[in-house]
Amino acid sequence: MRCGHTIHLGCLKELCLHSHFACPVCSKTSSDMSHIWASLDREVAATVMPEELRNKVVWIICNDCGVYNEVCVHIIAQKCSSSNSYNTR
Ligand SMILES: [Zn+2]
Ligand SMILES: [Zn+2]
């Protein structure tokens, strides 16, 4: 995998079939997700948050780069401002 971990090809295909695109060991994305992140960018931009939540911030950690970010909370997803990944928690 891109992160350096090794799994069976059959297991990787099974993960992709179930829309799991992260390494089961380290949680980093296992393939190029730029088209998915672009789609999430559009979805986030199109989804207006309720007034009472617009200025709320949350701390997230990025599974891809390991950086902590303070970002505006959003119902769709939280984006890492360091790597632009949505693979965050
Ligand atoms: Zn890994
Ligand atoms: Zn990141």
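Modeller: The site of the zinc ion (ligand 2) is tetrahedral, with angles of 103 to 122 degrees among its four donor atoms. Four donors count as tetrahedral if all angles lie between 85 and 135 degrees. For four tetrahedral donors the ideal angle at a metal is 109.5 degrees. The model is predicted, and local features therefore require a pLDDT of at least 70 and side-chain atom pairs a pLDDT of 80 or more, whereas totals for chains, interfaces and linings use all residues. Residues are numbered from 1 along each chain as its sequence is written, chains are lettered from A and ligands numbered from 1 in the order in which they are written, and side-chain values use heavy atoms, with hydrogens and water left out.

The protein atoms that hold the zinc ion (ligand 2) are the SG atoms of C62, C65 and C80 together with OG of S83, at 2.1 to 2.3 Å. A donor here is an N, O or S atom within 2.8 Å of the metal (3.2 Å for Na, K and Ca); water is not among the atoms, so sites may look incomplete. Along the sequence, the donor residues of this ion follow the spacing C-x2-C-x14-C-x2-S. C80 counts as buried because its relative accessibility is 0%, while S83 is partly exposed because its relative accessible area is 32%. Buried means under 20% relative accessible area, exposed means over 50%, and partly exposed lies in between (1.4 Å probe, protein chains only).

The hairpin is the next part to consider. Strand β1 covers residues 57–61 and strand β2 residues 68–72; the two run antiparallel and are joined by five bridges. Two strands pair if DSSP finds at least two bridges between them. β1 and β2 form a hairpin with six residues between them, and in the turn G66 has a positive phi of about 80 degrees. Across the pair, I60 stands opposite N69 in β2 and I61 stands opposite Y68 in β2.

Y68, which belongs to strand β2, counts as exposed because its relative accessibility is 59%. Apart from neighbours within four places in sequence, Y68 is in contact with W59, I60 and I61, where contact means heavy atoms within 4.5 Å. The C-alpha atom of Y68 is separated by 9.8 Å from that of R89, 21 residues apart along the chain.

In the segment after β2 one finds N84. This residue is not a glycine, yet N84 has a positive phi of about 65 degrees. N84 counts as partly exposed because its relative accessible area is 43%.

A nonpolar core is a set of buried Ala, Val, Leu, Ile, Met, Phe, Trp, Tyr and Cys residues joined through side-chain atoms within 4.5 Å. The largest such core has five residues, namely M33, W37, L40, A77 and Y86. L40 touches I76, A77 and Y86, when residues up to four places away in sequence are not counted.

The zinc ion (ligand 1) has its own set of donors: SG of C3, ND1 of H5, SG of C23 and SG of C26, at 2.0 to 2.3 Å. The arrangement is tetrahedral because the four donor atoms subtend angles of 106 to 113 degrees. The donors of this ion are spaced C-x1-H-x17-C-x2-C along the chain. C23 counts as buried because its relative accessibility is 2%. C3 is partly exposed because its relative accessibility is 28%, and H5 is partly exposed because its relative accessibility is 28%. The structure holds zero disulfides, a disulfide being a pair of cysteine sulfur atoms within 2.5 Å.

S19 is found in the loop between α1 (9–17) and α2 (34–46). S19 has a positive phi of about 60 degrees although it is not a glycine, and S19 counts as exposed because its relative accessible area is 54%.

As for the chain as a whole, the protein chain has two helices and two strands, which follow the order α-α-β-β from the N terminus on. Helices (H or I, at least four residues) and strands (E, at least two) are DSSP runs, numbered from the N terminus. The C-alpha trace spans about 45 × 25 × 15 Å along its principal axes. Of the 89 residues of the protein chain, 25% count as buried. Among contacts with a separation of 6 or more, 39% are between residues 24 or more positions apart.

Technical notes:
Four donors count as tetrahedral if all angles lie between 85 and 135 degrees; four count as square planar and six as octahedral if opposite donors are over 155 degrees apart and all others between 65 and 115; anything else is irregular.
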